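Morning, everyone. Please look at the model on the screen, and then we'll walk through the ligand site.

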Amino acid sequence: MQLTQAQLDQFHTEGWLFLPELFTPEEVAVLREESAAVLARNREEIWREKNGAPRTAFAAHTYNEAFSILGRHPRMIDPVEQVFGEPVYMHQFKINAKAKFEGDVWQWHQDYGTWLRDDGMPEPRAMNISVFLDEVLPINGALMLVPRSQKHGNLQAGHDKQTTNYPLWTLDNDTVERLVKDGGIVAPTGKPGGMLMFHGNLVHGSAGNITPYSRRIVYLTLNACSNYIRKPTRPEWIAHQDFRPIEKVADDALLKYARSHRQAAE
Ligand code: SIN
Ligand code: MN
């Protein structure tokens, strides 16, 4: 799948790109079902909120077939390879639950801030590309982005280990206010199957979810192979160290899996 010139221009100027309903309801149904099973498991890769609800499931692509296919899907991999102009490997894979009533905040941050400081990633030549598993609404903790903030490079950040159970390099309020005066805030919303990609230096965050609607999103962090991490400090299942290019599956692989999975259940 190739992005159009207009889509590339939007990404390079604004720092983000949203493609609504890129995956079909049939494809996303199997991911929704499998994510519920993954998030219910008790494994060290599944981190919980302070209130006990699941927050983030790391590395499900290593033990779950549906997510393994998603992690090699051309609709996820091709756009990022197109932007970087080289093959990519999987730096991180996570399902963020943002559980109904209980999902906690993600403070304002830049992803590259963590990849640089915690993983020794040389350049911001990695990015998050995500698929909505639930409908993302303005009210259930939609991801908020500060357009054009990626142009400011890597900003000063503090290591916040207190606010949530997920240590994060976060930005101070003055910095966020200054950047928002320039770029505003957008919060892409839409049905399950929408795909959002954003620059590693784009400032973003999300509020807690006090609604009865869960907001699950899968994030692939794809890193340009030449930009492999040099000083890992986090476990391998958080910041992977297999720097080989992702071998893509066929575009219909997820659909085929969904159909065979459904037949097996009938
Ligand atoms: C993130 O910034 O890594 C996740 C934010 C979210 O899922 O709301
Ligand atoms: Mn982030």
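**The ligand site**

An oxygen atom of ligand 1 is 3.0 Å from a side-chain N or O atom of His 109. That is a polar contact, a pair of N or O atoms within 3.5 Å. Asn 96 brings a polar side-chain atom to 2.9 Å from a ligand 1 oxygen. For Arg 215, the distance is 2.8 Å.

How much of ligand 1 does the protein cover? It covers 98% of the 260 Å² of accessible area that ligand 1 has on its own (Shrake-Rupley method, 1.4 Å probe).

A quick note on the basis. This is a predicted model, where local features need pLDDT of at least 70 and side-chain atom pairs count only at 80 or more, while totals for chains, interfaces and linings use all residues. Residues are numbered from 1 along each chain, chains are lettered from A and ligands numbered from 1 as written, and side-chain values use heavy atoms, without hydrogens or water.

Now the shell: residues with a heavy atom within 4 Å of the ligand. Among them are Lys 94, Trp 106, Leu 143 and Tyr 219. The shell divides into 3 nonpolar, 4 polar and 2 charged residues. Here Gly would count as polar, Tyr and Trp as nonpolar, and Lys and Arg as charged.

Last, the rings. The whole structure has 9 aromatic pairs, with ring centres within 6.5 Å. Tyr 89 and Phe 243 pair edge-to-face (planes over 60 degrees apart), at 5.1 Å and 70°.

Terms used. A polar contact is a pair of N or O atoms within 3.5 Å; within protein, one must be able to donate a hydrogen and the other to accept it, and residues adjacent in sequence count only if both atoms are side-chain atoms. Rings of Phe, Tyr and Trp (its six-membered ring) pair if their centres lie within 6.5 Å; planes under 30 degrees apart count as stacked, over 60 as edge-to-face and the rest as tilted.
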